[in-house]
Amino acid sequence: MNRKYRKQDAKAYAREHFRGVWAATVTPFREDLSFDEGGFRRNLRHWVHTLRLGGLFVTGKQGEFFSMSLAERKRSFEIAVEEAAGHCGIVSSCSDANLDVVLALARHSQDIGADYIVVHSPVLHFHQDVEETVYEYYRYLSEQLDIGIALWNHPDCGYVMSPELCARIAELPNIVAIKYSVDRVLYRELTRLAGDRILVSTASEEEWLDNIVELGWRLYLCSTPPFLLQTAVDQRINAYTQLAFEGKLAEARAIRDSLEPARTAFRAARPSGTPQAYSKYWLELLGQVGGPVRRPLLNLTEGQKAAAREAFARSGLKQV
């Protein structure tokens, strides 16, 4: 049983609390590739208390869940819940190819008081009867669990869930949100079909303001920009979000647009094949804890690090 709400109240609870700017955490490892729990706590305290983010998406794809043991993933959830307590929300990433692992992580999340879980749509190797297979997958998870469940669909899994399928899944009692990493035409249609039953969001920070204004969204779920493009003294994503929520759209757009040099600089030096390693190194340039990535991911070369430093220097992000 989730400690914060009953299963039948999950949608209402999420409608009230699952809002604002959420970020997808990275997982710091030491040079010997062990989980750096102290470094993770240090980063969490910055994201929770200094950046005052609405919530954190813990140990997902950016967090290298696929290279972590079950025990490490559970421990990352525990640490995040401890550090966030009373200050911001936690959605723990329970995605896995093995359903027993998904359920073990989800039940652990319930037990420790996470707010929600997120489960990526399953990888289907034969792509037969996709819609019925995916619906049954989430129906079973909904039946087995009390905690609010966020869907996550991305073309990386080999298919895109249709808005109609997502809307059907949204009828399940504790399906509360979706990170829908698709083209705007699809997430706009899902918002039209089921925006009263499920919180729709996407990972693009560049589209966030337009989605607040045009689609009435109140949840950014989420990627790394909330902590890679913000500092203790430069919190423009938070600022334009709050202004947009207050209806001060001209001011919000001006601040959103002022971040374009930082976005451009960040993208300019990012190697296509090493997004996690690049994010971790950028995090170090911000004075936080990054560290190496685990195999099968590649670490940055010295040349790539030099390019990142040059890009960071022209990003315009204020640190003091």
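Colleague: Let's begin with the second largest pocket: how much space lies in it?

Modeller: About 380 Å³ of space lies in the second largest pocket, where a volume is the space filled by probe spheres set on grid points that are joined across faces, edges and corners. A pocket here is an open set of points on a 1 Å grid over the protein atoms alone where a 1.4 Å probe fits, with protein on both sides within 12 Å along at least five of seven lines, and its lining residues have an atom within 4 Å of a point.

Colleague: Before we go on, what kind of model is this?

Modeller: This is a predicted model, in which local features need pLDDT of at least 70 and side-chain atom pairs count only at pLDDT 80 or more, while totals for chains, interfaces and linings use all residues. Residues are numbered from 1 along each chain as its sequence is written, and side-chain values use heavy atoms, with hydrogens and water left out.

Colleague: OK, back to that pocket. Which residues lie nearest its centre?

Modeller: Of the 16 residues that line the second largest pocket, Phe 65, His 120, Ser 121, Val 123 and Cys 157 lie nearest its centre. By class, that lining has 8 nonpolar, 5 polar and 3 charged residues, with Ala, Val, Leu, Ile, Met, Phe, Trp, Tyr, Cys and Pro counted as nonpolar, Asp, Glu, Lys and Arg as charged, and the others, Gly among them, as polar.

Colleague: And the largest pocket, what lines that?

Modeller: The largest pocket holds about 650 Å³ of space and is lined by 33 residues, of which Gln 62, Ala 203, Ser 204, Ser 223 and Arg 270 are the closest to its centre. Its lining is made up of 12 nonpolar, 11 polar and 10 charged residues. The largest share, 3 residues, comes from helix α12, where helices (H or I, at least four residues) and strands (E, at least two) are DSSP runs numbered from the N terminus.

Colleague: Switching topic, in what order do the strands of the sheet come?

Modeller: The open sheet of 8 strands has the order β7-β6-β5-β4-β3-β2-β1-β8, with parallel pairing, and two strands pair if DSSP finds at least two bridges between them. Because β7 (199–201) and β8 (219–223) stand at the edges with a single partner strand each, one side of each is left without a neighbour in the sheet.

Colleague: What about β1, what does it pair with?

Modeller: Strand β1 is joined by 3 bridges to β8, running parallel, and by 3 bridges to strand β2 (residues 55–58), also running parallel. Ala 23 stands opposite Ser 223 in β8, whereas Ala 24 stands opposite Phe 57 in β2. Strand β1 (residues 20–24) is mostly covered, with 5 of its 5 residues buried, and buried means under 20% relative accessible area, exposed over 50%, and partly exposed in between, using a 1.4 Å probe and protein chains only.

Colleague: Then a helix residue: is His 46 buried or exposed?

Modeller: His 46, which lies in helix α2 (residues 37–50), counts as buried because its relative accessibility is 17%. Leaving aside residues up to four places away in sequence, His 46 touches Leu 51, Ala 232 and Gln 288, contact meaning heavy atoms within 4.5 Å.

Colleague: And where is Glu 136?

Modeller: Glu 136 is in helix α5 (residues 130–144), and at 37% relative accessibility Glu 136 counts as partly exposed.
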